[in-house]
Amino acid sequence: MSENNTVYYEVYPARVLDFLNYSSTIRGKSDSTIEAYGYDLGLFFRFIKMHRRLVPSDIPFDDILIHDIDDEFLRKITLSEIYAFLSYTDKKRKNSTYARARKTACIKTFFKYLSVKARIIDKDPTVELERPKIKKRNPVYLTLDESLSLLRSMDKENINYKRDYCILTLFLNCGLRLSELVSIRISKIKEDTLTVIGKGNKERVVYLNHACISSLNEYMTIRSKVETDDQYKDYLFLSTHRRPINKRTVEILVKKHVQHAGLTDEKYSPHKLRHTAATLMYKHGKVDIRSLQMILGHENVSTTQIYTHVDNESLREAVNANPLAEE
């Protein structure tokens, strides 16, 4: 589990702690996933207590204690209560469809654990639980010209220019996740390869092209001279405080450089740059969908198939090329 372990023990029911430990040590889930599980289950059990009127009506929602929830409490949870919780997250907390789908998946996984692994409930109330239907959306991405404009418009006089340029180059060429980028270790860079830890703590080899190698070499001329604590020496990207750069800092610098390039029509986050890399590889590099799946580290090819939307242009050209088009 993460460093927030002590907080978990003070706040969560014993069965939730067992589930979080199982998910981390046996299923190999990442710290961010474990924290998301804990957060979602915390909300769920606070709601159930409120829904059953087991707490005073005037108590703030976040102050509802759940550490005392026992096996008998869990056995009495019904499917209708779970749907009531999802309705609450929709109407009262204004959760998006994606957020509600995540909570649904978390609850289903938790009760499957209680039923199959812990064997403390005879009937799993989530067997018939349906997940919110998520409408497919085409990914937001930069065009090739916009990507070039972003890189070329960066201020070379900025003290962090070489670091930021390297970060944007890796996003746009390799399609890294934000969590993968901030945790890059120098020792994991070997010639034209980079080893990262992706979702589910799965190790993945990322191949570096000329642009990536060049920007890394440029940045390392500065990075190699920076003195930091021994525990941080192997981290590639450091903040101005000489500590590993965090996700929020990267989000802010991406937004700053995108706006400086005049690209203000969409909210371009690090994840949008990942979409850009994938789209450019698929559209211009003619990378097949299975290879793209491996590059991005997607567990299922169905996740990668959102990038096939770029074929729309070629389909339009094909129809217009029909000899009857001008009749």
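I began with Arg 163 and found it in helix H8. Helices here are DSSP runs of H or I with at least four residues, numbered from the N terminus (strands are E runs of at least two).

I noted that the model is predicted, with pLDDT of at least 70 required for local features and 80 or more for side-chain atom pairs, while totals for chains, interfaces and linings use all residues. Residues are numbered from 1 along each chain as its sequence is written, and side-chain values use heavy atoms, with hydrogens and water left out.

I looked up the accessibility of Arg 163: its relative accessible area is 8%, so Arg 163 is buried. Buried means under 20% relative accessible area, exposed over 50%, and partly exposed in between, with a 1.4 Å probe and protein chains only. Leaving out residues up to four places away in sequence, I listed the residues that Arg 163 touches, among them Tyr 219, Phe 237 and Leu 253. Contact means heavy atoms within 4.5 Å.

Next I turned to helix H7, residues 144-152, where Ser 147, Leu 150 and Leu 151 are buried. Seen down the axis of H7, these fall within an arc of 95°, so they line one face of the helix. The arc is taken from the directions from the helix axis to the C-beta atoms. Asp 145 and Arg 152 are exposed on the face turned away from the buried side. The buried residues of H7 pack against helices H8 (161-174), H11 (247-260) and H12 (270-283).

Last, I checked the cysteines. With a disulfide taken as a pair of cysteine sulfur atoms within 2.5 Å, I counted 0 disulfides. Cys 174 is in none; the nearest cysteine sulfur, that of Cys 212, is 3.6 Å away. Cys 174 is buried at 2% relative accessibility.
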